[in-house]
Structure formats: C-alpha cells, structure tokens
Amino acid sequence: LDRRLLTCSVEENCKPTVQWLQELGLDDLQIKRTILRHTGFLWLSVEKNLKPKVQWLRDLGMDDSQFANVVMRHPSLLDFSLAENLKPKLQILGHWGFGDTQIVRLLVSFPPLLSYSSKRLEHRMAILSDRGLLTEKSICNTMRLTDQKF
C-alpha cells in the first residue's frame with residue numbers, strides 16, 4: 001500500500017470518499033478492491049474533484065453501474081484532470097467521429113483508454129483511419145499494444 005495512507009485523515013479524506021463510493025452503488029468488497037488497486041484517489045476531494053468527474057461521465061451518458069465498473073477496473077482514472085486530460089482526449093475521439101454513446105462503450109469495455117497520452121491516441125487513431133480499420137474494437141485492441149507490436 002501507498003505510504004501516504006499513513007498520513008491520510010480518516011475523517012477528512014477516507015471516510016467521505018468511502019461514503020461517496022457507497023452512494024454510487026459500490027458494495028464493500030468493490031470499495032476494498034478499488035482502494036487496494038489505487039489508494040491515490042483517497043486524497044482527492046469528493047466535492048472538488050470526484051463529483052465533477054462523475055457528473056462529466058453522466059453527462060456523456062454513463063450510468064452509475066457503468067461508472068462503478070470503470071472505477072473498479074481502473075480507479076486511477078479519477079486522478080486525471082478533467083480540463084487537461086479527460087476533455088482533450090474526448091475531443092480527439094469526437095474528432096474521429098465517435099459520439100458520446102460510443103465513448104461510453106469504449107470506456108466501459110476498456111477503462112484505461114483515457115490513461116494513454118493524447119499523442120499516442122491521436123497517432124493510432126490516424127493510422128487505423130487511414131487503413132479503414134477505425135472501430136471501437138480496434139481502438140481498444142491497438143491501444144494495449146506496445147509501439148513495436150503496433
């Protein structure tokens with residue numbers, strides 16, 4: 001576990017975050033797994049950081065069960081900046097013709113998608129498009145590959 005956990009305030013950080021995850025519908029086992037995978041989001045403010053990200057995902061059309069699935073599988077997504085990371089990558093996907101419904105499906109099927117650099121995402125989408133292979137499935141499959149295997 002992250003050493004910073006020893007300095008984390010139970011009342012100010014841990015408790016509100018766990019309560020918020022419960023409100024989203026995660027059960028105790030799901031919360032435990034999520035925290036064990038990524039303790040870093042325990043330092044994030046529920047009001048200033050976590051809720052705006054959930055609202056952004058809801059605005060895309062993601063429901064609470066889909067969100068719970070995404071967070072359990074890739075909790076570090078909650079660390080990313082909306083303005084500097086998540087929204088620009090959404091714009092890249094939109095530029096290549098993916099709508100909100102498709103983006104939600106992409107995130108649910110492959111939560112790490114938005115953790116890759118914008119440069120890598122843009123580059124791979126351009127190559128897939130040039131070859132006539134740009135689909136939801138091809139994006140998920142190729143983002144996982146190393147540059148050498150791609």
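Buried means under 20% relative accessible area and exposed over 50%, with partly exposed in between (1.4 Å probe, protein chains only). The views below show a predicted model, in which local features need pLDDT of at least 70 and side-chain atom pairs count only at pLDDT 80 or more, while totals for chains, interfaces and linings use all residues. Residues are numbered from 1 along each chain as its sequence is written, and side-chain values use heavy atoms, with hydrogens and water left out.

**View 1. Threonine 17 in helix 1.** Threonine 17 lies in helix 1, and it counts as buried because its relative accessibility is 0%. Helices (H or I, at least four residues) and strands (E, at least two) are DSSP runs, numbered from the N terminus. When neighbours within four places in sequence are left aside, threonine 17 is in contact with Phe41, Leu42, Leu44, Val46 and Leu50, where contact means heavy atoms within 4.5 Å. Helix 1 covers residues 10-23, and its buried residues are Asn13, Cys14, Thr17, Trp20 and Leu21. These buried residues of helix 1 pack against helix 2, helix 3 and helix 4 (64-73). After helix 1 comes glycine 25, with a positive phi near 105 degrees.

**View 2. Threonine 34 in helix 2.** Threonine 34 is found in helix 2, which runs over residues 28-37, and with a relative accessible area of 0% it is buried. Apart from neighbours within four places in sequence, threonine 34 is in contact with Leu26, Phe41, Val71, Met72 and Pro75. One of these, valine 71, is 37 residues from threonine 34 in sequence, yet the two are 7.1 Å apart in space, C-alpha to C-alpha. A polar atom of the threonine 34 side chain also lies 2.7 Å from the backbone oxygen of glutamine 30; a polar contact is a pair of N or O atoms within 3.5 Å, of which, within protein, one must be able to donate a hydrogen and the other to accept it, and residues adjacent in sequence count only if both atoms are side-chain atoms.

View 3. Arginine 33 is found in helix 2, and at 41% relative accessibility it counts as partly exposed. Its C-alpha atom is separated by 11 Å from that of histidine 74, which is 41 residues away along the chain. Alanine 68 has its place in helix 4 and, at 7% relative accessibility, counts as buried. Alanine 68 and leucine 21 are 47 residues apart in sequence and 8.3 Å apart in space, C-alpha to C-alpha.

**View 4. Helix 5 and its two ends.** Helix 5 comprises residues 82-95, of which Leu82, Asn85, Leu86, Lys89, Leu90, Ile92 and Leu93 are buried. An α-helix has 3.6 residues a turn, so residues three or four places apart point the same way. The buried residues of helix 5 pack against helix 3 (46-60), helix 6 (100-109) and helix 7 (118-130). At the start of helix 5, a side-chain oxygen of serine 81 reaches to within 3.4 Å of the backbone nitrogen of alanine 83, and helix 5 is followed by glycine 97, whose phi is positive, near 95 degrees.

**View 5. Helix 5 against helix 7.** The axes of helix 5 and helix 7 come within 10 Å and cross at roughly 5 degrees, which makes helix 5 roughly parallel to helix 7. The contact is made by Lys89, Ile92, Leu93 and His95 of helix 5 together with Ser118, Leu121, Glu122 and Met125 of helix 7. By class, this contact of helix 5 with helix 7 has 4 nonpolar, 2 polar and 2 charged residues. Axes are lines fitted to C-alpha atoms, for helices over the stretch in contact, and angles run from 0 to 180 degrees between N-to-C directions; angles under 35 degrees count as roughly parallel, over 145 as roughly antiparallel, 65 to 115 as roughly perpendicular and the rest as oblique. Ala, Val, Leu, Ile, Met, Phe, Trp, Tyr, Cys and Pro count as nonpolar, Asp, Glu, Lys and Arg as charged, and the others, Gly among them, as polar.

**View 6. Helix 8.** In helix 8 (residues 136-143), the buried residues are Ser138, Ile139, Cys140, Thr142 and Met143. They pack against helix 6 and helix 7. The protein has 8 helices and 0 strands, and buried residues make up 43% of its 150 residues.
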